[in-house]
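I open these notes with the packing of helices. The structure under study is set out below.

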Amino acid sequence: MEMVERDCQSILSGYLADDVTEAFYMANSRPWPNYPTDYKPLVEFCKYQQLDVIAANIPRRYAAFVAKGKEQEVFNMPDQELSYMAPAPIQAPKDTGYYTKFYDLMKKNGMDDATIERYYRSQCAKDDTMAMSISNALANDASLNILSVSGAFHVESYLGLYRKVKSAKKMLINIIPYDSKNPIDPSAYLSTADVLVFAPANPSSFKN
């Protein structure tokens, strides 16, 4: 899961095994603000089914260092800290369409070119680390079926993280939020994934 960082793996695994309480897990794993509504159901499903969950992402404090232009400091950290992230150098390609997509989005938000470059490298550091987490799990057990959960930007149109996971048979699923009052054209998303799932943007507003 993108939403849990690698240095929280032991805490997450402890919660799944009932070795620590949910309160301890929540207090020490830096959950995203929308964890209770968006990701807790998935974690609880895995716990009930006794499935492992991979804390896949780089610790956000180190991604923030990269975004601030302090990349050298990040990769000069002690070995224990380095184990929480993919090794240097950051793989930040500019010939796959990923950079263009990222650049256009950030430029639309008023960001200058130098800042976009740093933020792109931070984005790619996340992709590198999540890809490493998945690849390491497969290296330990090639028979695994892994469901990788991340924000659409990391994988949409077969870019970013998707491209960096090597030697694995992959299927890309894009979950697209929609508002029933504002219909969308499904054909606009055909090139973004192998499987498209259109889900309510605000499930609580839909009644059976």
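How do the axes of H4 and H8 cross, and within what distance do they come? I noted before answering that this is a predicted model, in which local features need pLDDT of at least 70 and side-chain atom pairs count only at pLDDT 80 or more, while totals for chains, interfaces and linings use all residues. Residues are numbered from 1 along each chain as its sequence is written, and side-chain values use heavy atoms, with hydrogens and water left out.

Entry 1, H4 and H8. I found that the two axes (lines fitted to C-alpha atoms over the stretch in contact, with angles from 0 to 180 degrees between N-to-C directions) come within 7 Å and cross at roughly 150 degrees. H4 and H8 are therefore roughly antiparallel (an angle over 145 degrees). I listed the contact (heavy atoms within 4.5 Å) as Ala 63, Val 66 and Ala 67 of H4 with Arg 118, Tyr 119, Arg 121, Ser 122 and Lys 126 of H8. These residues divide into 4 nonpolar, 1 polar and 3 charged.

In H4, residues 60-67, I recorded Tyr 62, Ala 63, Val 66 and Ala 67 as buried (under 20% relative accessible area with a 1.4 Å probe, protein chains only). Seen down the axis of H4, they fall within an arc of 150 degrees, so they line one face of the helix. Their cover includes helices H5 (71-75), H6 (79-82) and H8 (113-140). Just after H4, I noted a positive phi of about 85 degrees at Gly 69.

How values were computed. Buried < 20%, exposed > 50% of the residue type's maximum accessible area, 1.4 Å probe, protein only. Helix = DSSP H or I, 4+ residues; strand = E, 2+ residues; numbered from the N terminus. Arc of directions from axis to C-beta. Parallel < 35°, antiparallel > 145°, perpendicular 65-115°, else oblique. Nonpolar A, V, L, I, M, F, W, Y, C, P; charged D, E, K, R; others polar.
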